[in-house]
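Here is a short briefing for a first look at this structure.

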Amino acid sequence: MAELSFIVGVIGNIISILMFLSPVPTFWRIIKHRSTEDFSGIPYICTLLNCSLWTYYGIIKPGEYLVATVNGFGILVETIYIFLFLIYAPKRIRGRSAILAVILDVGVLAAVIATTQLTLYGEARSGAVGLMGAGLNIVMYSSPLSIMKTVVTTKSVEYMPFFLSFFCFLNGGVWLFYAVLVRDVILGVPNGTGFFLGAVQLGLYGIYRNGNKIPNKLEEGLQHEHLISSSNHDQSPGRQDRPI
């Protein structure tokens with residue numbers, strides 16, 4: 001069983017890495033245009049906090065080093081995304097985004113680490129950190145709900161890229177299986193949510209894949225842009241590309 005959980009965990013790491021890297025085309029667009037346009041930096045700021053919490057969880061809970069390694073990679077990638085966003089964002093947005101990043105990714109994280117280290121011990125400590133990470137993960141996995149509503153309303157998958165939905169489904173399923181193998185409920189609940197929502201997205205894709213195109217002439221790559229654009233869909237972060 002231990003060997004199987006290790007193999008599943010490694011597979012989960014690979015899938016999560018692919019999800020972390022899915023915004024690369026978006027940032028290539030930002031660099032090319034030297035502008036963040038309508039993109040929001042909030043998804044990356046919150047994903048960085050999420051990765052930091054899960055890395056901390058993986059470190060303090062025995063046997064969860066695979067959770068720590070993949071989210072450690074996530075910390076590196078999301079930090080790069082945030083720096084690129086701050087470089088090319090308008091001055092006003094850059095200032096607000098930088099303040100938010102300091103508050104969440106430095107202040108909140110430091111408070112969580114200090115509080116749990118000073119007041120909690122053993123399973124109580126890892127449980128508290130896991131619950132916070134799970135709560136944030138569920139919020140991030142739920143962020144595509146507005147896109148799913150758009151798909152049903154317009155009867156088109158123009159705004160819902162297939163591969164992002166597919167990796168959300170696959171990532172949630174693999175980490176849910178891993179959580180079952182290692183009997184980790186805290187890890188299983190958010191990823192079970194991601195698995196379910198990913199399955200719904202794939203179902204919608206199958207139903208509306210031959211639907212009419214949205215009347216607007218979308219630029220290349222705009223489909224992915226709508227996933228993280230707060231101005232167009234009023235959604236909060238989270239790349240559905242979040243991994244555990």
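The axes of α8 and helix α9 (residues 185–208) come within 7 Å and cross at roughly 145°. This is a predicted model. The points below take the helix pairs in turn, then a surface patch.

**α8 and α9**
- The crossing of α8 past α9 is left-handed.

**α1 and α8**
- Helix α8 spans residues 162–182, and its axis comes within 9 Å of the α1 axis.
- The two axes cross at roughly 155°.
- Angles over 145 degrees count as roughly antiparallel, and α1 and α8 are therefore roughly antiparallel to each other.
- α1 passes α8 in a left-handed crossing.
- From α1, the contact uses L4, S5, V8, G9, I11, G12, N13, I15, S16, L18 and M19.
- From α8, the contact uses F167, C168, L170, N171, V174, W175, F177, Y178, L181 and V182.

**α2 and α4**
- Helix α2 covers residues 24–33, and helix α4 covers residues 65–88.
- Their axes come within 10 Å and cross at roughly 25°.
- That angle makes α2 roughly parallel to α4.
- α2 passes α4 in a left-handed crossing.
- V24, F27, I30 and I31 of α2 are in contact with Y81, L84, F85 and Y88 of α4.

**Nonpolar surface patch**
- Which residues make the nonpolar surface patch? They are F6, I7, V10, I11, I14, L18 and Y65.
- The patch is about 610 Å² in area.
- Helix α1 (residues 2–21) gives the most to this patch, with six residues.
- I14, one of the patch residues, lies in helix α1.

Notes: Residues numbered from 1 in each chain as written. Predicted model: local features only at pLDDT ≥ 70, side-chain atom pairs only at ≥ 80, totals over all residues. Heavy atoms only, no water. Patch = residues over 30% accessible without salt bridge, like charges linked within 9 Å, V, L, I, M, F, W, Y side chains within 5 Å. Areas by Shrake-Rupley, 256 points an atom, 1.4 Å probe, with all protein chains shown as cover. Salt bridge = Lys/Arg side-chain N within 4 Å of Asp/Glu carboxyl O. Helix = DSSP H or I, 4+ residues; strand = E, 2+ residues; numbered from the N terminus. Axes fitted to C-alpha atoms, helices over the stretch in contact; angles between N-to-C directions. Parallel < 35°, antiparallel > 145°, perpendicular 65-115°, else oblique. Left-handed = near helix turned anticlockwise from the far one by under 90°. Contact = heavy atoms within 4.5 Å.
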